[in-house]
Amino acid sequence: MVKSQTLARRRQKGSVAIEFALIAPVMFIFVIGMMEISTALAVSTFLEGGLRQASRFGVTGGNGGIGREARIQQIMASNSFGLIDPNDIALDTRTYGTFAEIGDESFTDTNNNGTYDAGEPFIDRNNNGRWTPDSGTPGLGDGDDIVVYRVSYQWRFMTGVLRPIIGDHVTFNSGIALRNEPF
Ligand SMILES: [Ca+2]
Ligand SMILES: [Ca+2]
């Protein structure tokens, strides 16, 4: 009786060990995956924060002693907290006279090729009788101009655990439209 109880307990211990051996790698991958996702979310938050701060500086028309473009890049970089490579941040700024001019005129892509083709119906926002693509001018604009700041950054995961689900990188895009102060 005593002997069979010991045997049963041993068997139980053995199966617990086997279960753990099966679960441990899954748990490990899960934890690493969660870390990857949290880091990527942090990168996205830093980029958004940097863009907001940089654009808020941009609207003032100030040059920060080093030039407007350089100061804006510097603000973006200082928001990366060592996690983001400032050299890989793609920042694009375009200026417009009004908010309505931002972006291409919308059209119905009848032939589904992703671009506007002659004859496809469109909304003639600026009333010039033809389809008009994004009319923004690169730059930070003058006083009272509308400026669109767009940032894009490719974050490469540190490990391969998310490769089957997401791939080995994610691209974060963020944008903000502001009117410059009257400087
Ligand atoms: Ca088309
Ligand atoms: Ca037009």
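These are my notebook entries on a predicted model of a protein.

**Entry 1: ground rules**

I number residues from 1 along each chain as its sequence is written, and chains are lettered from A and ligands numbered from 1 in the order in which they are written. The model is predicted, and local features need pLDDT of at least 70, side-chain atom pairs count only at pLDDT 80 or more, and totals for chains, interfaces and linings use all residues.

**Entry 2: elements and overall form**

I looked up the elements and found 2 helices and 4 strands in the protein. Helices (H or I, at least four residues) and strands (E, at least two) are DSSP runs, numbered from the N terminus. From the N terminus on, the elements run α-α-β-β-β-β. The radius of gyration is 27 Å, well over the 16 Å that the globule rule gives for 183 residues, so the protein is more spread out than a compact globule. That radius is taken over C-alpha atoms, and the globule rule is 2.2 Å times the number of residues to the power 0.38. I also noted a box of roughly 95 × 50 × 20 Å, taken along the principal axes, which the C-alpha atoms fill.

**Entry 3: burial and contacts**

I checked burial next: 13% of the 183 residues are buried. A residue is buried if 20 or more other C-beta atoms lie within 10 Å of its own, exposed if 12 or fewer, and partly exposed in between, with C-beta atoms placed from the backbone. For contacts, I took pairs of residues at least 6 apart in sequence, and 69% of these contacts join residues at least 24 apart. Two residues are in contact if their C-beta atoms, placed from the backbone, lie within 7 Å.

**Entry 4: the sheet**

In what order do the strands of the open sheet stand? I read E2-E1-E3-E4 for the 4 strands, with antiparallel pairing. Two strands pair if DSSP finds at least two bridges between them. The edge strands, E2 (137–138) and E4 (169–179), each pair on one side only.

I then went through the pairs.

- Strand E1 (residues 90–96) pairs with E2 over 2 bridges in the antiparallel sense, and Arg94 has Pro138 in E2 as its bridge partner.
- E1 and E3 run antiparallel and are joined by 7 bridges. Thr95 has Val147 in E3 as its bridge partner, and Thr93 stands opposite Tyr149 in E3.
- E3 and E4 pair over 11 bridges, again in the antiparallel sense, and Arg156 has His169 in E4 as its bridge partner.

**Entry 5: helix H2**

Which residues of H2 (residues 68–78) are buried? I listed Ile72, Ile75 and Met76. Seen down the axis of H2, these buried residues fall within an arc of 100 degrees, so they line one face of the helix. The arc is that of the directions from the helix axis to the C-beta atoms. On the other side of H2, I found Ala70 and Ser78 exposed.

**Entry 6: the largest nonpolar core**

A nonpolar core is a set of buried Ala, Val, Leu, Ile, Met, Phe, Trp, Tyr and Cys residues joined through C-beta atoms within 7 Å. The largest one has 15 residues, and Leu51, Ala54, Met76, Tyr149, Val151 and Tyr153 touch the most other members. Helix H1 (2–58), H2 and strand E3 (146–156) are the elements that give two or more residues to this core. E3 supplies the largest share, 6 residues.

**Entry 7: single residues**

Is Ala21 buried or exposed? Ala21 is in helix H1, and I counted Ala21 as exposed because 9 other C-beta atoms lie within 10 Å. Ala21 and Ile165 are 144 residues apart in sequence, and 24 Å apart in space, C-alpha to C-alpha.

I noted Asn127, a residue other than glycine with a positive phi near 50 degrees. Asn127 is in the loop between E1 and E2, and is exposed, with 6 other C-beta atoms within 10 Å.

Asp144 is also a residue other than glycine with a positive phi, near 70 degrees. Asp144 is in the loop between E2 and E3, and counts as exposed, with 11 C-beta neighbours inside 10 Å.
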